[in-house]
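Hi there,

Here is the structure I promised to pass on to you. Have a look at it first, and then read my notes below.

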Protein chains: 4
Amino acid sequence: MLVVMEKSAKKENIEKVCKIIESMGYKSHKIPGPSRTVVCVTGNDKKIYPEKILTIEGVKEIVHVSKPYKLVSREVKPDDTVIKLKNTSIGSNKISIIAGPCAVESREQIFEIAEELSKRDVKILRGGAYKPRTSPYSFQGLGEKGLEYLALAGEKFNLSIISEVLDTESFPIIENYVDIIQIGSRNMQNFSLLKKAGKSNKPIFLKRGFSSTLNEFLLAAEYIISEGNPNVILCERGIRTFSNETRFTLDISAIPILKKMTHLPIIVDPSHAAGIRDLVEPLSKAGIAAGADGLMIEVHTNPDAALSDSAQTISIESFDKLLSKINVIKTL
Amino acid sequence: MLVVMEKSAKKENIEKVCKIIESMGYKSHKIPGPSRTVVCVTGNDKKIYPEKILTIEGVKEIVHVSKPYKLVSREVKPDDTVIKLKNTSIGSNKISIIAGPCAVESREQIFEIAEELSKRDVKILRGGAYKPRTSPYSFQGLGEKGLEYLALAGEKFNLSIISEVLDTESFPIIENYVDIIQIGSRNMQNFSLLKKAGKSNKPIFLKRGFSSTLNEFLLAAEYIISEGNPNVILCERGIRTFSNETRFTLDISAIPILKKMTHLPIIVDPSHAAGIRDLVEPLSKAGIAAGADGLMIEVHTNPDAALSDSAQTISIESFDKLLSKINVIKTL
Amino acid sequence: MLVVMEKSAKKENIEKVCKIIESMGYKSHKIPGPSRTVVCVTGNDKKIYPEKILTIEGVKEIVHVSKPYKLVSREVKPDDTVIKLKNTSIGSNKISIIAGPCAVESREQIFEIAEELSKRDVKILRGGAYKPRTSPYSFQGLGEKGLEYLALAGEKFNLSIISEVLDTESFPIIENYVDIIQIGSRNMQNFSLLKKAGKSNKPIFLKRGFSSTLNEFLLAAEYIISEGNPNVILCERGIRTFSNETRFTLDISAIPILKKMTHLPIIVDPSHAAGIRDLVEPLSKAGIAAGADGLMIEVHTNPDAALSDSAQTISIESFDKLLSKINVIKTL
Amino acid sequence: MLVVMEKSAKKENIEKVCKIIESMGYKSHKIPGPSRTVVCVTGNDKKIYPEKILTIEGVKEIVHVSKPYKLVSREVKPDDTVIKLKNTSIGSNKISIIAGPCAVESREQIFEIAEELSKRDVKILRGGAYKPRTSPYSFQGLGEKGLEYLALAGEKFNLSIISEVLDTESFPIIENYVDIIQIGSRNMQNFSLLKKAGKSNKPIFLKRGFSSTLNEFLLAAEYIISEGNPNVILCERGIRTFSNETRFTLDISAIPILKKMTHLPIIVDPSHAAGIRDLVEPLSKAGIAAGADGLMIEVHTNPDAALSDSAQTISIESFDKLLSKINVIKTL
């Protein structure tokens with residue numbers, strides 16, 4: 001349920017609305033907008049009798065939301081969410097490029113890559129420190145050491161940094177180092193982790209589960225926002241289908257559909273979707289053409305030597321070529 | 001197996017190679033290229049002992065093809081296939097737009113739409129006359145009358161025309177009217193129909209089965225070419241996955257992968273992939289950005305009144321907007 | 001729409017009902033049942049005003065059917081359909097075993113296998129004569145010669161025979177030899193072939209498309225029945241999913257669901273679902289345990305020498321073992 | 001890599017082998033069998049030069065394992081793993097029935113159901129206390145209170161109990177109450193949770209991710225065993241496909257395939273696969289017929305009043321009917 005306030009509504013009346021909602025045992029979420037404030041009610045299984053609220057001064061109307069998700073919905077908040085970072089922002093008529101290696105491998109490696117990227121249109125550096133690996137016997141990342149190198153590189157080259165969190169226990173460590181916390185595809189329905197992320201004051205980069213519907217994806221984001229963290233970035237990274245020429249099937253239609261359903265920014269990850277280096281450029285172009293707010297790309301100064309995801313990592317040269325084309329498409 | 005001829009090879013020696021291959025009980029296919037001719041051998045289960053062939057004058061080398069498909073393969077024919085039509089061509093650094101209504105509904109309807117399209121960048125008019133319908137109780141199309149109207153419209157407005165064939169029996173009727181014969185998704189592995197198409201001298205527009213791998217798709221095209229018809233246009237129109245927000249999931253990665261595997265032109269059909277009008281523009285842009293040679297789009301002067309596929313049919317106004325953006329992307 | 005007649009309704013009044021329906025431009029289908037006759041109306045897009053019909057003597061009531069399919073529906077015909085063959089029947093509390101090689105390879109081969117099967121619980125012999133093959137270069141079957149051998153074997157060992165039809169053109173040839181006509185998975189939405197099958201007086205064995213929903217499957221059967229042939233046998237043979245350990249994923253749940261939706265018999269084909277010999281027994285047992293009316297199994301006296309589908313074909317010994325277990329499960 | 005010891009090998013020599021392996025920086029796992037002990041080496045990326053090991057007394061041979069998983073593999077341990085519980089065991093020629101409500105709702109509810117089940121063939125009681133819910137606004141379970149009631153019911157009626165763990169943080173709480181710890185489908189690749197489970201001395205019930213390949217499933221189990229906990233029970237609970245008549249598609253073929261790949265017991269969960277009450281019996285029968293070691297079924301004394309999963313929960317009466325049939329099939 002939404003309580004739409006008049007443009008002229010006083011702050012104290014907005015607070016009054018919230019207080020009444022809370023006194024009924026529900027949660028209230030203030031959603032400020034350019035032309036008016038909306039108070040969203042969550043936690044109500046049954047319908048709320050709104051008489052008490054409608055009589056408060058400054059309340060314009062009450063709207064019942066039909067979707068299972070609320071706080072992520074465009075119905076509730078029509079304006080694009082913009083995620084502010086120290087050196088840039090994500091969302092709303094702006095293409096953000098997140099680039100870097102699959103995993104931080106050494107201080108030298110991440111500094112070398114960060115330097116190259118900082119000379120280009122990149123403001124956000126990626127690098128895995130704790131890696132989710134299908135096999136217990138695969139390289140699991142450098143851990144905190146990796147985060148340290150990543151943070152130093154970010155500082156030196158004025159880049160925001162992003163790295164993946166694997167569990168609630170190591171959450172504080174990652175949160176301490178990075179500017180954006182990534183939750184991976186396999187953890188999209190790790191509800192404890194989502195709740196933890198909802199209590200962080202850092203933006204959350206949420207990857208779609210590779211077999212999740214868009215409804216489930218938005219409900220995962222709703223978990224985060226309903227705990228108090230409104231800064232969620234969605235990422236489409238391919239779904240699992242019968243098609244076996246690529247690792248996953250990039251669900252390109254998800255982008256325009258999500259744009260309608262939600263106000264959150266949407267990033268495309270062509271590297272993990274394809275799993276093949278040569279597809280990164282065409283899928284990047286397609287993603288931006290379909291309306292994505294940006295790209296997350298695995299780039300390495302020496303792709304063939306990358307310790308993980310080598311097959312899908314592109315070189316600085318390929319990255320340059322890609323950027324120049326993206327810059328044209330994004331103007332359309 | 002491929003027999004690669006010297007650039008200077010004489011025509012009579014190429015014929016000699018073919019004759020020897022045929023005498024062994026196999027088929028030979030001459031594939032002329034800008035720099036040399038290749039003779040492709042099909043129908044051989046076992047390896048052919050090539051001594052007899054290697055000694056013929058003008059034979060440069062023999063190459064064994066590792067893929068299950070041969071004639072469609074870029075390995076066999078590196079140059080893009082270009083399909084020539086009366087008023088335009090499809091393939092190789094050129095964007096072709098095929099547009100028109102789902103079904104021909106009346107003389108007036110198809111003339112009105114054809115006139116509008118002919119004023120724009122459209123050279124090929126689509127329109128179903130025999131419709132494949134999931135239910136026996138749905139509108140099945142106007143039949144031959146529909147083809148007649150379509151042909152008249154094509155003539156009047158100088159448009160090539162395309163329509164779908166449903167079976168071998170009605171093949172001659174469709175072949176008689178249209179410039180391009182369409183084989184639909186549900187018939188992609190109708191092998192009798194593919195063989196029939198292989199004996200036609202009209203280009204074949206082959207839609208990918210909605211659950212077919214790219215390998216199966218190319219083998220379906222191989223059926224057509226191996227019967228003697230080299231003019232095949234491939235069409236990606238969405239695959240069936242668990243994702244349920246769109247009718248099908250456009251497999252955008254298929255485009256760059258097919259471009260590597262085959263020399264045949266690839267068209268994207270965003271209308272059937274999405275099943276939703278609003279997605280036609282973003283998916284069209286994504287398709288061209290990913291490298292497609294063109295688009296097939298359902299357009300109607302009055303989309304809401306369309307007798308079939310109304311939900312995915314766009315208006316002339318939306319079509320105009322789309323075209324202007326496509327024209328920029330295709331230059332990249 | 002259904003016109004339910006009284007138990008005591010006279011034949012002439014049933015005819016009267018049909019005549020009125022036809023005079024309105026629709027089709028009428030008489031569906032006799034043990035306790036009463038029902039007349040099903042198809043071809044009506046809009047609602048029919050039933051006053052004219054309700055006043056006819058013997059008409060009990062009019063029922064509107066909510067499903068897109070009608071004639072295949074249990075709602076329309078609650079009693080199981082039983083398909084009568086010269087030496088046995090299929091459907092309704094009876095397990096039918098259809099067995100034989102993937103393809104008829106020679107007179108000797110099919111006679112040898114037929115003899116072995118006839119000594120066991122088998123009344124129906126399968127054998128492909130025209131084979132649908134993904135590649136144009138694979139073995140395409142013996143054609144009419146294969147049908148001839150199959151028919152001779154059926155006659156000699158008192159077996160009904162079944163073989164696949166690939167197109168409308170060869171339909172009369174297959175129809176001439178076999179007792180049951182098979183329409184394969186790739187042709188499930190070949191609507192011309194379905195209509196042709198609907199005009200045959202031989203039972204049709206319809207395999208589910210490997211990416212078809214149950215709704216589409218039943219509408220394909222509806223195509224056949226609506227043309228006048230009520231004798232359709234459904235076959236679940238596996239669907240295409242991401243799971244890659246088997247050729248297809250046997251959709252075991254389809255069996256109990258179809259049993260509720262339709263009165264038609266349902267056969268399970270574990271051989272094509274799995275593509276692996278060792279899985280034939282467990283999947284056969286599972287199929288019968290889930291409620292199937294029978295099995296179609298690829299059996300060969302020398303599986304390793306089979307010209308096609310060798311990997312999924314079982315030996316006579318394995319078949320014996322399987323039959324003994326099936327006989328227990330079917331009693332549950 | 002496996003070091004196979006002679007039957008007569010002395011304990012001290014087995015220890016010697018382990019010590020050498022550990023000194024090389026790898027892990028060693030002793031796998032005792034009825035006829036001999038095997039030492040499995042994990043953590044080696046590269047090949048180990050086995051001279052040092054082969055010369056130890058009692059070493060019979062060294063076998064290189066080709067699969068990505070090792071400890072779960074039948075190649076490594078041919079004998080079925082049997083999980084011992086206080087009142088029963090799971091695995092190896094025995095059908096185990098795990099039954100109970102989706103969620104523990106109250107002391108009365110779980111006691112009433114436990115009493116009914118204990119009168120039947122049930123030795124293991126299920127009941128969710130911490131529920132993974134797609135929406136943050138759905139009923140999330142009673143938490144520790146629920147575990148307490150479950151444990152009291154288990155004690156009173158001599159039932160082992162199983163409940164789901166959602167995260168590493170609450171792991172010790174669940175571990176403290178239950179006899180078997182369940183890891184749900186959405187957590188199958190929550191690697192931190194798997195590692196935690198690997199350090200527990202309670203058996204782990206691992207549900208297959210609804211889009212996981214069998215390879216990924218076994219590698220998830222490998223995570224647990226490689227940390228030291230050999231007691232893993234696998235559960236097939238349906239995969240996500242295009243098929244939309246059931247919530248998920250029970251992958252019945254997975255059972256016989258897993259039986260070949262691994263020595264771990266395999267349980268089928270028909271309730272979650274189908275999501276429809278009427279399908280529980282046919283899918284249970286099919287699961288056992290296909291070779292499963294048991295079933296996990298949602299049963300409630302008043303299914304329609306169940307707070308969660310009501311649509312797929314069966315009554316005690318239906319459960320009785322099901323059990324009597326299962327008992328026949330399992331003898332085959």
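**Where chains C and D meet**

The contact between the two chains takes 32 residues from chain C and 32 residues from chain D. Please keep in mind that this is a predicted model. On the chain C side, three helices each supply at least two of the residues that touch chain D: α8 (254-261), α10 (280-289) and α11 (316-329). Of the elements in chain C, α10(C) gives the most to this side, with 5 residues. If you sort the chain C side by class, you get 18 nonpolar, 9 polar and 5 charged residues.

**Strand β1 of chain C**

Which strands does β1(C) pair with? One partner is strand β3 (residues 37-42) of chain C, which pairs with β1 (residues 2-5) in the antiparallel sense over 3 bridges. In that pairing, C:Leu2 stands opposite C:Cys40. Another partner is strand β4 (residues 59-63) of chain C, also antiparallel to β1(C) and joined to it by 4 bridges. Here the bridge partner of C:Met5 is C:Val59.

**Chain A as a whole**

Chain A holds 11 helices and 14 strands. Its C-alpha trace spans about 65 × 40 × 40 Å along the principal axes. A compact globule of 332 residues would have a radius of gyration near 20 Å, so the 21 Å of chain A agrees with that. Of its 332 residues, 56% count as buried. Among the contacts in chain A with a separation of 6 or more, 66% come from residues 24 or more positions apart.

Terms used:
Residues numbered from 1 in each chain as written. Chains lettered and ligands numbered in written order. Predicted model: local features only at pLDDT ≥ 70, side-chain atom pairs only at ≥ 80, totals over all residues. Rg over C-alpha atoms; globule rule 2.2 N^0.38 Å. Buried ≥ 20, exposed ≤ 12 C-beta atoms within 10 Å, placed from the backbone. Contact = placed C-beta atoms within 7 Å. Nonpolar A, V, L, I, M, F, W, Y, C, P; charged D, E, K, R; others polar. Pairing = 2+ DSSP bridges.
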